[in-house]
Structure formats: C-alpha cells, structure tokens
Amino acid sequence: MLTLRTLGRPRLDGPQGELLSGRRKELAVLAYLGRRHGSLPREELAELFWGSRPDANARQSLRQALLQLKRALPSGLEAEGDAVMLRRDALQLDANLFEADLAAGRLAEAVDRWQGDFLAGQDDAGGPAYGAWLDGQRQALRTRLRVAFGQLVERADRDGDADAALHWAERWAEWFPHDERAATRVIRGLYHAGRTGEALGRHAVFDSRLRQDLGIEASPDFARLAAELQGAAPAAPPAPASGALFTPELVGRRPALAALEGAWAAATAGTTTLVLVEGEDGIGKTRLIEEFIRGITSKVVLLRGRGSETSGRVPHAVLGELLTGLADAPGLSGARPSTLAALGAVVPAIRECFPPPADAAVAAWDDAVVDVLAAVATAAAAVGRWRSQSL
C-alpha cells in the first residue's frame, strides 16, 4: 500500500521510494480524493483545481493529472466515465491515520504523526473553493491536535508524571506558539520543576511574541501568572559568581534577567532568537548582560563587541572587534583560506596565525562570516564549552 503524507509537505511513498516527486497539483488532487472518499464527479475536480481556466482546458488538465495518478496507482484509481474514485485499500493517508489514532485513544501515536499543517505549501493548488476546503481541513485537524496535547498533559498530571506533563506541554507550545493555554502549562511545569527563572523567562517571551506577531495582549490571568511566580519564588542565596545580581544596578531586574534566560532557552532549542536590551544610560544594562552570561552553562562560543563614536571612522571596526574572539577558537583552521584572508584584513590576530599568500583569494564578507562561524561552532560543540575573553 502507498502512503500519502499530508501533515506537512505532501509526499507519496511506495515500496520503491517517492512517487510523483514535484507533482504538486496531482498530490493535492490525491489528498482531496483520499479525504472525501467515495465517487466524485470529474466536473467537481476540474472546478476545484482548475476553475480559473476555460472548461475545455480545465477538463484537459484534469485528464493529464489523472493519467499521472493512474500510473502511480494503477489498480487504486478508478476514473471511468464522469466519475473518479480512489479505492480505500489503495492508499494510506496520514491525516486519516491521525484521526483513527485519536478515535482509538492512541494520543501519543497520533501527535507523533504531525509534521506540520495539512498540505503545507499547497495553498495555491486550486481556486477559491479549494482554498475554503483546505482552510476547513487545517482548522479541524489543528483543533484535534490541540485537544490531544491537552489530554496528554492532563493524563500525565493524573498519573503524577510531572516530567511527561512538561514534555507534552513543550511539544504543544512548539506547534502552537501563540496558544496561551499551552504556554501556561509549560510555565507552570517549569515552575513546579524548580526552574522558576526559566518559567519567568518563558512568560516574558510569550507575552512579547503575542504583541509582536499578533498585536494583541495576553489575558489578565496570564499577566497575573508572572506576579504569582515572582511572589512564590524563594530568594536565592548569593553565589560566589553572581554577586552582581544583588548590586544596586540589578535591584528589581529579575524579570529582565528571566526574559534573557527564556530567550536563551528558546535559542538552544533551535529557535533563532534576537534580543534587544535598551534603556537610559546608567540603569545597569551592561551589568544585566554580564550576569546573564555568567549563568550560561551550555557549550557556547561567545563573541563580544562594543560600538563607539569613533567606530564609524574605521571600516569594519565593530565587526573586527567582534571577530577578534575567534583568533584562538577551536576550529578556526577549518575555515576556508579565502575566509581567513578576509578576516585577517580586520583582525590582526587572525592574520598573524594564518598569514595569507600574496595571491590569496578573499571571500565576500557575508560568506566569510558564515563560514568561520560554522567552522568554530562545529568544533566547539565537539570539544566542549569555550568562551572568548576579548572585551
């Protein structure tokens, strides 16, 4: 039996591998047949997928698409006369299997099938009627996925398995980054696991995401959650390396520090993250960032640079300062010679270690930065944590 994957980018797989590769329209037609079941009029398919074309052209396009499908499913597709039907035993559709798992109570198996929205990237495969059908399918399937995640979290809570509850809540929030219920379950799970700082950071990140992505505010209950966690969090004793947390510059800055910690957690989970810390001079921004850096315990290559009024008069001054920290980083020798030649022009320490030949090719700046960061990051992950001490 063939398998049509529709939860994410569509793909048809058979015993010998992928079929209909690059045939986006045909895969969309096949998904429609697989979800509708039964016999469908050719006229309906032609209107749904080629309705913008004259009738004769639409029918011809449908015939060509059905010919391709017939070659992939020679005994599974019936297209005689004015009707088209997909045999139920000819094809496994992951969306149908997802729903069957849910109906049978196999919640974990169901959510493991989810690789993205139904027919991702296929919004333009048909006309308005197709778009309405696609939106309805996506909304219904996403609702069922959201309910399944909620039930998995509740089941883990009833079983007293806090780790499993947090695991399912994290996956819930990953697929639904604007879902307040999912975010709340993650935050409460982190707090009950003793990770109050990370919980507060996740709260700040979610609150910011709603405003930036959707232009809305979280509910009052969610806003009160941060105050609840802050009020319940016990005062941590000062550690030898974190005395700055209790200096005047950082009084009342725990939420800001927690926000940085939450952004770092998102970055280490694979989400590209950019944080801008802004405010008036003298309020402790630098001290806040230094305290955050002290708390990083994972493998990391840290690059630091500082702009100044004179930086603009020296080409690439800030970039050169930023990249100086790579001069003794593991993996630098793995960068291309053209990369080292480009960086050596503004980082004397790199030029001293890797003097370029007179006729050396010089890479473009963007290519050079990407190349050197990839080389150093790969090596740093292999040998452990390394931190640049350049200022």
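This is a predicted model: local features need pLDDT of at least 70, side-chain atom pairs count only at pLDDT 80 or more; totals for chains, interfaces and linings use all residues.

Modeller: Leaving aside residues up to four places away in sequence, H203 touches I187, F222, A223, L225 and A226. The residue itself has its place in helix α9, which covers residues 196-214. Is H203 buried or exposed? Its relative accessibility is 7%, and because buried means under 20% relative accessible area, H203 counts as buried.

The other part to set beside this is a sheet. Strands of a sheet pair through backbone hydrogen bonds, in either a parallel or an antiparallel way. Here 4 strands form an open sheet, running in the order β3-β2-β1-β7, and the pairing is mixed. At the edges lie β3 (17-19) and β7 (91-93), each of which pairs on one side only. From one strand to the next, the twist averages 30 degrees.

Within this sheet, strand β1, made of residues 2-5, pairs with β7 in the parallel sense over 3 bridges, and T3 has Q92 in β7 as its bridge partner. Helix α1 (residues 24-36) packs on the sheet, where it touches β1, β2 (11-14) and β7, and its direction makes about 90 degrees with that of β7. Helix α4 (residues 94-103) also packs on the sheet, touching β1 and β7, with a direction that makes about 65 degrees with that of β7.

Technical notes:
Residues are numbered from 1 along each chain as its sequence is written. Side-chain values use heavy atoms; hydrogens and water are left out. Two strands pair if DSSP finds at least two bridges between them. Helices (H or I, at least four residues) and strands (E, at least two) are DSSP runs, numbered from the N terminus. Axes are lines fitted to C-alpha atoms, for helices over the stretch in contact, and angles run from 0 to 180 degrees between N-to-C directions. Contact means heavy atoms within 4.5 Å. Buried means under 20% relative accessible area, exposed over 50%, partly exposed in between (1.4 Å probe, protein chains only).
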